[in-house]
Amino acid sequence: MSQSYTVTAVTVVVLATVLVGGFGLRISRTTSDFYVASRTVRPALNAAAISGEYLSAASFLGVAGLVLLHGPDMLWYPVGYTAGYLVLLIFVAAPLRRSGAYTLPDFAEGRLESRAVRRLVSVFVVGAGWLYLVPQLQGAGLTLKILTGAPDWFGGVLVALVVVVAVAAGGMRSITFVQAFQYWLKLTALLVPALFLLLAWQGDGRPRVDLDLTAAVVGRADHPLYATYGLIVATFLGTMGLPHVVVRFYTSPNGRAARRTTVIVLALIGAFYLLPPVYGALGRLYVPELPYGTDADAAVLLLPERAIGGLGGDLLGALVAGGAFAAFLSTASGLTMAVAGVLTQDVLPSRGVRHFRLATPLAMAVPLGGSLLVSGMPVADSVGMAFAVSASSFCPLLVLGIWWRRLTPPGAIAGLLLGGGLAFAATVITVSGAVRSGWPHALLAWPAVWSVPVGFLAMILVSLATRGRIPPGTNAAMTRFHLPEVLMSGSRKGSASVSAAGPGEGTGSGTGMGGAG
Amino acid sequence: MTGEPASRQPAPRREVVTGEPRRVRPLPRYRAQAEIEEQTALGDAYVRSLMRSQLRAGLTAFALLALVAGTLPLAFATLRDATAVWVVLGFAAYPLLTLLAWWYVRRAERNERDFARLVKGRPVP
């Protein structure tokens with residue numbers, strides 16, 4: 001019987017997504033609306049949208065699954081996802097908004113005035129976006145399979161279709177509404193069942209939850225302390241480079257609003273992350289047979305039925321399933337939006353909204369194929385690898401690009417290739433299963449500890465060795481990044497001398513002006 | 001400003017405007033503002049001082065974060081107390097992170113206000 005409730009809940013979420021997206025389509029009139037929601041999104045709405053987009057399958061299902069499987073050390077995942085936003089706020093948020101860059105390639109070209117750097121960054125953005133999309137689609141497949149017995153591929157294909165339609169139709173403005181709505185849906189979908197679960201636990205005489213989890217815990221790593229540090233470095237520094245996170249900052253009206261938005265985001269995702277550990281801990285108690293293999297990701301979904309049972313359990317389970325689907329849809333929409341934006345600007349021959357709509361299915365097709373081919377990775381782990389690649393490539397580029405005047409294009413290329421390339425290679429080797437134990441496995445599975453310093457060092461050393469290549473517009477770019485809005489007097493030569501700042505910072509240029517001509 | 005359209009193109013390509021509408025903005029009213037926009041040595045010094053104060057605020061917050069995040073795993077490994085891990089990582093971390101963010105934003109905005117006051121100190125004669 002519970003299947004019909006679940007199907008209803010998932011259908012409602014999918015329909016609501018399409019309807020809210022359609023509502024956005026009606027008011028999404030201009031190209032500016034389409035790409036950046038006309039940069040008029042207020043902090044409260046924007047913060048809910050950013051949080052809705054950010055809380056992915058890894059947060060909704062993965063965290064509880066990992067806590068259930070490996071114990072409280074896994075709580076570093078949600079802490080890292082949150083702290084990543086703090087680091088983003090501290091070093092990147094306001095300057096990135098003021099840079100006028102719409103995507104990371106825009107930022108790279110605007111700051112370094114180099115087409116080569118732009119192309120390399122585009123490759124990394126598309127790669128990281130795809131790496132992050134695969135687990136979202138797999139999570140969707142898993143959810144539907146467990147709850148309704150649908151075949152493995154069905155959930156992923158469903159999410160892919162809905163996302164392509166919503167993104168291609170309404171663009172950023174409609175996505176903003178969809179995602180703000182989905183944050184509150186996700187919070188409700190975890191909060192309400194959690195309250196009932198805690199009541200049920202009280203009613204059962206508060207059985208002791210084995211917090212220590214030493215027994216029956218599947219060994220996670222040969223070197224758990226190193227793995228924890230690898231996780232901390234990757235999530236703290238990787239958040240700022242995730243393609244869907246960066247795009248969102250451009251929808252703020254100005255740098256100051258971007259900063260304030262980020263603080264609200266921290267509060268919102270912090271509030272959300274109080275919940276998954278509850279599921280992890282209670283899952284130990286009520287779903288004890290799970291901890292073998294990927295299915296730990298399903299703990300959140302099965303818990304209401306097991307702990308409460310009856311009609312109430314079914315209804316709460318359906319609510320959780322709806323929330324999980326909101327998680328897949330919102331993160332996948334944001335990623336697809338970002339990847340399609342880069343594909344439109346840097347890969348497809350011409351630009352404009354029509355080509356953006358053509359790029360959307362392309363942005364989704366590759367990860368969909370990947371999710372059907374590769375399977376068996378816990379959701380939070382594969383997301384962790386996207387973070388490691390981002391932390392080793394985009395973090396040095398953004399931090400040095402914003403704060404260091406001596407960065408040169410060759411330096412940026414060296415850092416991206418060495419830091420990001422090595423992290424990516426380590427990911428590929430880990431996924432292929434060539435190295436399975438000991439220090440080599442630990443070093444490859446959690447590469448951020450060494451690959452982030454490699455990225456920074458390569459960028460700094462090569463930049464210092466190529467002093468002659470410092471872009472002429474560096475000082476103007478720094479002024480633009482850091483000058484508060486009250487002091488900007490607009491389109492005089494000072495602010496206009498750095499071209500290729502992405503789609504039209506203040507001066508009304510084309511959507512892909514960096515690539516024009 | 002990205003360069004002329006290629007000569008073989010018959011007509012200039014239709015550009016889609018995503019920028020904010022261009023507003024007629026006032027010319028700089030203060031000398032330091034003009035210096036910054038003209039990118040003189042003095043204007044450059046102004047911007048560098050702003051960047052230094054902002055970087056100091058950021059590094060202070062980051063150092064605090066790094067210190068705590070760097071020592072906690074070691075502390076947990078020596079304590080071997082799962083309840084402490086639950087309390088710190090499951091609950092206490094989030095309000096503290098938000099507080100630190102709030103502190104940073106206040107300081108960064110104060111830096112910008114101070115800078116604006118400095119720049120506006122001397123009107124254009």
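A salt bridge is a side-chain nitrogen of Lys or Arg within 4 Å of a carboxyl oxygen of Asp or Glu. By this criterion, Arg98(A), Arg259(A), Glu485(A) and Glu112(B) are linked in a network of salt bridges. The model is predicted: local features need pLDDT of at least 70, side-chain atom pairs count only at pLDDT 80 or more, and totals for chains, interfaces and linings use all residues. Residues are numbered from 1 along each chain as its sequence is written, chains are lettered from A and ligands numbered from 1 in the order in which they are written, and side-chain values use heavy atoms, with hydrogens and water left out.

Chain A holds 22 helices and zero strands. Helices (H or I, at least four residues) and strands (E, at least two) are DSSP runs, numbered from the N terminus. Chain B has three helices and zero strands. Its elements run α-α-α from the N terminus on.

Buried means under 20% relative accessible area, exposed means over 50%, and partly exposed lies in between (1.4 Å probe, protein chains only). Of the 517 residues in chain A, 65% are buried. In chain B, 37% of the 125 residues count as buried. Accessible areas come from the Shrake-Rupley method with a 1.4 Å probe; for residues, only the protein chains shown count as cover. Chain A exposes about 16,300 Å², with carbon and sulfur atoms supplying 67% of it. Chain B exposes about 8,000 Å², and carbon and sulfur atoms supply 62% of that area.

Contacts were also sorted by sequence separation. Contact means heavy atoms within 4.5 Å. In chain A, 85% of the contacts with a separation of 6 or more involve residues 24 or more positions apart. In chain B, among contacts between residues at least 6 apart in sequence, 76% join residues at least 24 apart. Thr8(A) and Leu319(A) give one example of separation in sequence and space. They are 311 residues apart in sequence and 9.7 Å apart in space, C-alpha to C-alpha. Thr8(A) is found in helix H1 (residues 2–27) of chain A. Thr8(A) counts as partly exposed because its relative accessibility is 45%.

Two packed helices are described by the angle between their axes and the distance between the axes. Helix H5 (residues 76–91) and helix H12 (residues 255–273) of chain A pack at an angle of about 175 degrees, with axes 10 Å apart. Axes are lines fitted to C-alpha atoms, for helices over the stretch in contact, and angles run from 0 to 180 degrees between N-to-C directions. Angles under 35 degrees count as roughly parallel, over 145 as roughly antiparallel, 65 to 115 as roughly perpendicular and the rest as oblique. H5(A) and H12(A) are therefore roughly antiparallel to each other. On the H5(A) side, the contact is made by Pro78(A), Tyr81(A), Thr82(A), Tyr85(A), Leu86(A) and Leu89(A). H12(A) contributes residues including Arg259(A), Thr262(A), Val263(A) and Leu266(A).

Thr262(A) of helix H12 counts as buried because its relative accessibility is 0%. Thr262(A) touches Tyr85(A), Leu89(A), Ala93(A) and Phe249(A), not counting residues up to four places away in sequence.

H12(A) also carries salt bridges to chain B. The structure holds eleven salt bridges over all chains. The side chains of Glu112(B) and Arg259(A) meet in one of them (2.8 Å, N to O). This pair crosses between chains, from helix H3 (residues 82–119) of chain B to helix H12 of chain A. Glu112(B) and Arg259(A) are both buried. Glu109(B) forms a salt bridge with Arg260(A), the closest N and O atoms being 2.7 Å apart. That pair, too, crosses from helix H3 of chain B to helix H12 of chain A. Glu109(B) is buried, with a relative accessible area of 6%. Arg260(A) is partly exposed at 38% relative accessibility. Within chain A, Glu109(A) forms a salt bridge with Arg118(A), with the closest N and O atoms 2.7 Å apart. Glu109(A) and Arg118(A) are both buried.

Helix H21 (residues 474–482) of chain A is mostly covered, with eight of its nine residues buried. Among them are Met478(A), Arg480(A), Phe481(A) and His482(A).

A nonpolar surface patch of about 450 Å² is made by Leu191(A), Leu195(A), Phe196(A), Leu199(A) and Ile308(A). Patches are made of residues with over 30% relative accessible area and no salt bridge: like charges are joined within 9 Å, nonpolar side chains (Val, Leu, Ile, Met, Phe, Trp, Tyr) within 5 Å. Leu199(A) lies in helix H9 (residues 152–203) of chain A. Leu199(A) is exposed, with a relative accessible area of 56%.
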